[in-house]
Amino acid sequence: MAVDGNTTTLASKRERTGWYFYDWANSAFSTTVITVFLGPFLTSVTEQAAGCAVDADTCDGTVHPLGIPVAAGSYYAYLVSLSVLLTVFVLPVMGAIADRAPRKKPLLAGAAFTGAAATVAMAFVTGDRYLLGGLLFIVANISFGAAIVVYNSFLPQLAGPDERDRISSRGWAIGYLGGGVLLLLNLVAVMSLSEEGNTQRTLDLARWSIVSAGVWWAAFTIVPLLWLREHPGAATKPVEGGNILTDGFKQLGHTIKGMRAYPLTLAFLGAYLIYNDGIQTVIALASQFGSEELNLDQSTMILTILIVQFLAFGGALALGALATRIGARKTILIALALWLGVVSAAYFLPEGKPIPFMLLGAGIGIVMGGSQALSRSLFSQLIPAGKEGEYYGFYEISDKGTSWLGPLFFGLIFQLTNSYRAGIVSLVVFFLVGGVLLAFVPIRRAILAVGNTPPKLI
């Protein structure tokens with residue numbers, strides 16, 4: 001049964017379930033690693049490298065990777081930005097390769113298992129090995145994004161235009177549920193095994209929680225690899241005498257030139273990159289803000305993220321349902337308005353008070369999943385048939401955990417003001433500018449311009 005020219009047959013329930021399960025698998029990395037443990041953990045390791053653990057009175061809190069003076073509190077934010085700058089070169093090429101490869105699942109497996117292995121290797125980040133931790137994070141984060149590019153490129157082959165918002169929202173919701181389950185297990189471990197005043201025990205528990213995310217990621221990736229179906233008819237054949245890798249680089253150049261023919265798609269992508277940069281910065285640096293600025297303990301941080309995860313499960317489904325009534329674009333704009341309120345409220349959170357922080361987390365959970373899931377499905381409507389991987393390569397540059405302007409801005413403001421509050425409130429501009437740009441994109445005309453059939457509601 002034909003579907004919108006982008007796919008040859010409707011996917012089976014088993015195939016869609018397999019697709020959902022990769023969100024379940026990789027969300028362990030974005031939740032346990034990025035959102036909760038890695039920021040405070042790597043910041044503590046970096047502070048040890050700066051000598052602050054030995055003599056806090058004389059320590060200036062600075063390390064010198066490659067001879068560059070970096071404040072220990074800014075190191076993780078800079079790493080996030082550096083990893084994203086590197087993904088600018090990797091992810092679009094991965095997308096081009098995915099579109100030209102006769103089989104996508106080996107690409108998904110290679111990227112996912114590489115990222116999971118780098119995450120498991122965090123077990124060796126002990127003492128003052130902040131450089132090793134930074135290197136492993138960069139490898140894991142780039143691999144995470146590369147796998148997501150391939151994963152997202154399956155979406156247009158799973159559903160027609162009127163179903164994609166629901167399918168995308170369901171996948172994102174299941175991802176939040178999976179990430180929440182592992183985080184709950186880690187919360188039990190941290191609360192049961194931690195010792196008051198034993199900083200080293202806290203660091204060890206954080207490190208092994210990070211490792212558990214790598215194991216989870218690898219184990220559940222097996223499900224989509226078994227259940228997803230290849231769609232070789234959607235791939236572009238390599239040119240004669242070439243190979244998929246070199247063809248991928250060549251095709252990247254053609255894609256960049258070809259995207260000029262679809263300025264409205266580029267307009268949406270630009271708006272998305274801006275507002276999603278703000279979303280990803282909140283996700284990546286929320287635990288660092290809570291622990292360093294608000295002086296909240298690790299258990300409070302994990303409990304708050306659990307609230308976010310499980311409310312995001314319902315929020316993604318609820319906003320997906322709302323999109324079926326008013327359209328995806330209007331629903332996203334509502335979510336961005338709520339994000340403005342959340343970020344503004346964060347500036348006024350009292351120090352040492354866990355309840356207000358948890359309430360703020362509840363607000364984040366309600367809007368987070370839906371705004372991301374609907375953006376993914378809306379973008380799928382704006383891609384020319386057969387170019388899914390290439391276009392999602394550019395899309396993923398600012399997706400889960402791979403934002404760069406926000407963390408860079410956050411890190412610079414902290415280094416200048418020594419205030420995480422100033423950094424967090426500066427993110428208002430990302431939601432405001434991104435929302436305004438999205439409001440002015442004529443989505444229906446953009447969908448028609450790439451040769452696709454618009455859904456009934458946009």
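A nonpolar core, as I use the term, is a set of buried Ala, Val, Leu, Ile, Met, Phe, Trp, Tyr and Cys residues joined through side-chain atoms within 4.5 Å. Please keep in mind that this is a predicted model.

The largest nonpolar core has 129 residues. Those that touch the most other members are Trp19, Tyr22, Leu38, Phe137, Phe268 and Trp339. Helix H1, residues 13-49, gives this core its largest share, 15 residues.

Take Tyr22. What is Tyr22 in contact with, leaving aside its neighbours within four places in sequence? The list is Leu108, Ala112, Ala147, Ile148, Tyr151, Trp217, Thr221 and Pro224.

Now the second largest pocket, with about 390 Å³ of space. It has 16 lining residues, and Pro65, Leu66, Tyr75, Leu79 and Leu82 are the closest to its centre. Helix H2 (72-100) and helix H4 (130-152) each supply at least two residues of the lining, and the largest share, six residues, comes from H2. By type, the lining has 14 nonpolar residues, two polar and no charged.

Leu66 comes up again for its backbone. Most residues other than glycine have a negative phi. Leu66 has a positive one, near 55°. Leu66 sits in the loop between strand S1 (62-63) and strand S2 (70-71), and is exposed, at 86% relative accessible area.

Asn295 also has a positive phi, near 55°. Its place is the loop between helix H8 (263-293) and helix H9 (298-326). Asn295 is partly exposed, with a relative accessible area of 47%.

That is the end of my part.

How values were computed: Residues numbered from 1 in each chain as written. Predicted model: local features only at pLDDT ≥ 70, side-chain atom pairs only at ≥ 80, totals over all residues. Heavy atoms only, no water. 1 Å grid on protein atoms, 1.4 Å probe; cavity = no way out; pocket = protein on both sides within 12 Å on 5 of 7 lines; lining within 4 Å. Points joined across faces, edges and corners; volume = space filled by probe spheres on them. Helix = DSSP H or I, 4+ residues; strand = E, 2+ residues; numbered from the N terminus. Nonpolar A, V, L, I, M, F, W, Y, C, P; charged D, E, K, R; others polar. Buried < 20%, exposed > 50% of the residue type's maximum accessible area, 1.4 Å probe, protein only. Contact = heavy atoms within 4.5 Å.
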